[in-house]
Amino acid sequence: MPVTQLIAMVRSTPPRQAVGLLAAMPADRLPVVVAAMEPVDLTRLLPAAGDELRARLIALLTTEQLAELTASMPTAGAVRLLTGLPADQVRAVADRLPQATTAALLTALPAEAQADLLAVMRPQHAQAAWAGTYQREVAEALARANAEVSIPPDAPSGIVLVQIFGWRITVAARRDDDGRVAVRDAEDAAYKLRANAALAVTDYQPATDVLDYCDEARRQGRPISAVGWVDHRHDGHLKRALVGLVR
C-alpha cells in the first residue's frame, strides 16, 4: 500500500487503533510512514502508544520533526519528552527548541547533562535560555513577596509588572549584568507602561555608579532601585527593595 494511503488510514483512525496499525507494520515500512507524519499526527498518536512503540516512533523522528513536535507542545510536556530521550538526540535538536523550552530543559537536567548540552549549543541561544530562566525565577520570587506579578501584552521583552500596595512597578531581571542594562530597561519600561516605579534585578551586586544613579533619581522624584538576587536566600533583599520604592 502506498505511504500516502497508509498515512490517510492512520489519520482517519482513532488513536488507539492507529497505533495498533503502526505496531503491526513491517519493520521496513514504519520508518517511511513516520517520516511522512506531521507534528499534529505525532501529538495525537504518541500518548496512545505503549512505552516500547512510543520509544520506537520517537527514535525514528528526524531532527526537524522533533523540533516541530516540541515547539507544538506545552513547555512542560516538551521537557518531559526531551528528558526521556538519548543525549545525542537532544543535542541534535537543542538549538532549534523554543527559548522557553530550552530554559526549562536546562533547569530540569542534572549538572553534567546540562554542561554537555550547553557545550553544543550556539552561545546566543544558550545565553537567551539562561536569561529566560533567571527572569522566571525572579518573577517567582516576586510572587513569594506577596506581590501581584503579570506580563502586560505591551510589555517589552523580559519585563514583568508588579502591583503592590497600590503601586505599579516594572521589573527588569537581567543575568550577567551589574545593573547598567537592567536599570535602563526597567526605567524605559516604566515610561512605556506608565508605572509608578522601576526595579532592576541582577545576579551580581549592582555597581556603585548604578546605585548612585538610583539614589539621585529617587531624590528627583523618580522611584528607581537596583538589587542583587541569585536564589531564594535573597528573597528578603528583593522584598525590601520593593517596599523601599513605595515608601
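This is a predicted model: local features need pLDDT of at least 70, side-chain atom pairs count only at pLDDT 80 or more; totals for chains, interfaces and linings use all residues.

Biologist: Okay, which residue does R233 form a salt bridge with?

Modeller: That would be D231. The closest N and O atoms of D231 and R233 are 2.8 Å apart.

Biologist: How many salt bridges does the structure hold?

Modeller: There are 14. One of them pairs D235 with R144, with 2.7 Å between the closest N and O atoms.

Biologist: Where do D235 and R144 lie?

Modeller: D235 is in helix α14, residues 235-246, while R144 belongs to helix α11, residues 123-144. The pair therefore ties together parts that sit 91 residues apart in sequence.

Biologist: Is D235 buried or exposed?

Modeller: Buried, because its relative accessibility is 17% and the cut-off for buried is under 20%. R144 comes out at 45%, so that one counts as partly exposed.

Biologist: Switching topic: what does R222 pair with?

Modeller: R222 makes a salt bridge with E187, and their closest N and O atoms are 2.9 Å apart. R222 lies in the loop between α13 (208-219) and β5 (224-228), and E187 is in helix α12 (residues 180-193), so this bridge ties together parts 35 residues apart in sequence.

Biologist: How accessible are R222 and E187?

Modeller: E187 is buried, with a relative accessible area of 10%. R222 is partly exposed, at 24%.

Biologist: You mentioned α12 and α13. At what angle do they pack?

Modeller: About 25 degrees, and their axes are 9 Å apart. Angles under 35 degrees count as roughly parallel, so α12 is roughly parallel to α13.

Biologist: Which residues make that contact?

Modeller: From α12 you have R180, V183 and E187. On the α13 side it's D209, V210, Y213 and C214.

Terms used:
Residues are numbered from 1 along each chain as its sequence is written. Side-chain values use heavy atoms; hydrogens and water are left out. A salt bridge is a side-chain nitrogen of Lys or Arg within 4 Å of a carboxyl oxygen of Asp or Glu. Helices (H or I, at least four residues) and strands (E, at least two) are DSSP runs, numbered from the N terminus. Buried means under 20% relative accessible area, exposed over 50%, partly exposed in between (1.4 Å probe, protein chains only). Axes are lines fitted to C-alpha atoms, for helices over the stretch in contact, and angles run from 0 to 180 degrees between N-to-C directions. Angles under 35 degrees count as roughly parallel, over 145 as roughly antiparallel, 65 to 115 as roughly perpendicular and the rest as oblique. Contact means heavy atoms within 4.5 Å.
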